[in-house]
Amino acid sequence: MKTLFLTIAVLCFILASASSGLGQEAPKKDFSGSLTYDVVRVVDGDTVVLKMDDKEVKVRLIGVDTPETVHPTKQVEKFGKEASAFLTNLLKGEKVYIEYEKDKSFGEDPDKPETDKYDRTLAYLYRSPDGLFINLEIIKHGYGHAYTKYPFKRMEEF
């Protein structure tokens with residue numbers, strides 16, 4: 001009985017700790033004067049295609065990883081379709097603001113994006129006009145997890 005009570009208490013503590021950050025909003029960024037880009041389509045749960053300078057650009061969301069649905073060497077993973085559908089619902093018919101990983105304070109050019117080995121532009125996306133931080137929203141709702149294989153500046157937040 002004592003063990004059962006202790007187990008329940010520990011589970012309640014874990015659940016309370018895990019959910020305590022769910023209601024918190026990411027700090028709102030000021031995008032006044034920033035360009036917006038049309039979302040052309042969602043590729044999968046962590047990749048989208050944007051219309052940028054009259055070109056379609058494939059963008060990989062920094063810091064989030066979702067189950068695979070279109071990986072060249074992997075099968076469709078469990079919950080991959082759900083993650084893709086979630087992102088589609090967030091971005092269908094929307095415009096987004098884009099932020100790159102580079103930081104002026106380190107002497108880097110923040111307007112020059114990095115790409116991954118699949119030649120996708122790496123970026124943070126924010127939905128216009130409400131500024132919803134898409135990368136973090138996927139994690140908050142359990143459709144992906146923080147992808148910490150490579151360090152990124154928003155890692156603590158994720």
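Helices (H or I, at least four residues) and strands (E, at least two) are DSSP runs, numbered from the N terminus. The model is predicted: local features need pLDDT of at least 70, side-chain atom pairs count only at pLDDT 80 or more, and totals for chains, interfaces and linings use all residues. Residues are numbered from 1 along each chain as its sequence is written, and side-chain values use heavy atoms, with hydrogens and water left out.

**Exercise 1. Find the partners of E1.**

Task: determine which strands pair with E1, and in what sense.

Solution. 
- Step 1. Apply the criterion: two strands pair if DSSP finds at least two bridges between them.
- Step 2. Take E2 (residues 47-52). Five bridges join this strand to E1, and the two run antiparallel.
- Step 3. Locate one partner: Val 39 is bridged to Leu 50 in E2.
- Step 4. Take E5 (residues 95-99). E5 and E1 are antiparallel, over two bridges. Asp 38 stands opposite Lys 95 of E5.

**Exercise 2. Describe the largest pocket.**

Task: give the volume of the largest pocket and say what lines that pocket.

Solution. 
- Step 1. On a 1 Å grid over the protein atoms alone, a cavity is a set of points where a 1.4 Å probe fits but cannot get out; a pocket is an open set with protein on both sides within 12 Å along at least five of seven lines; lining residues have an atom within 4 Å of a point. Points are joined across faces, edges and corners, and a volume is the space filled by probe spheres set on the points.
- Step 2. Read the volume: about 780 Å³.
- Step 3. List the lining. There are 31 residues, and the closest to the centre are Arg 60, Asp 116, Tyr 118, Arg 120 and Tyr 147.
- Step 4. Assign elements. Strands E1 (37-44) and E3 (55-61) each give two or more residues. E3 gives the most, with three.
- Step 5. Sort by class (Ala, Val, Leu, Ile, Met, Phe, Trp, Tyr, Cys and Pro nonpolar; Asp, Glu, Lys and Arg charged; the others, Gly among them, polar). The lining has 12 nonpolar, four polar and 15 charged residues.

**Exercise 3. Inspect the backbone.**

Task: locate Asp 54, Asp 119 and Pro 129, and describe the backbone there.

Solution. 
- Step 1. Asp 54 has a positive phi of about 65 degrees. Asp 54 sits in the loop between E2 and E3, and is exposed at 71% relative accessible area.
- Step 2. Asp 119 has a positive phi near 65 degrees. Asp 119 lies in the loop between E5 and E6, exposed at 60%.
- Step 3. The bond from Ser 128 to Pro 129 is cis, with omega near 5 degrees. Pro 129 falls in the loop between strand E6 (121-128) and helix H3 (134-140).

Definitions and conventions: Buried < 20%, exposed > 50% of the residue type's maximum accessible area, 1.4 Å probe, protein only.
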